[in-house]
Amino acid sequence: MSVNKILSALADDTRRAIIMKLREGKISTGDLADCLGITPQALSYHLSKLKKADLIYETKEKNFIYYELNLSVLGELIVWLDTLKGGNYNKN
């Protein structure tokens, strides 16, 4: 897990909106762009940043690309953040 990449990806309002939408489950690129009211080109840029941070992953089904949250990376981030306030999580 690269904390710097994750925090950088989450520093943008649009990318946080994407993450919030993906909490609801898997969604296609087109539907995601429509829900957020942004162009496919802008969405592609933000999705690329989120993928590089391993916060999301894509699956291809026929002619569609779907995105989902990578919950394991989010879990690792939560553990890391908790250590900042003195949590007792073990890193194994």
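Contact here means heavy atoms within 4.5 Å. With that in hand: among contacts in the chain between residues at least 6 apart in sequence, 53% join residues at least 24 apart.

Okay, ground rules. This is a predicted model, so local features need pLDDT of at least 70 and side-chain atom pairs count only at pLDDT 80 or more, while totals for chains, interfaces and linings use all residues. Residues are numbered from 1 along each chain as its sequence is written, and side-chain values use heavy atoms, with hydrogens and water left out.

Now the overall layout. The chain has five helices and three strands, where helices are DSSP runs of H or I with at least four residues, strands are runs of E with at least two, and both are numbered from the N terminus. Starting at that end, the order is α-α-β-α-α-β-β-α. The C-alpha atoms fill a box of roughly 45 × 25 × 20 Å along the principal axes.

How much is buried? Of the 92 residues, 27%, with buried meaning under 20% relative accessible area, exposed over 50%, and partly exposed in between, using a 1.4 Å probe and protein chains only.

Let's zoom in on one residue, K49. You'll find K49 in helix α4, residues 40-52. Leaving out residues up to four places away in sequence, K49 touches A9 and R15. And for a sense of distance, I19 is 30 residues from K49 in sequence, with 12 Å between their C-alphas.
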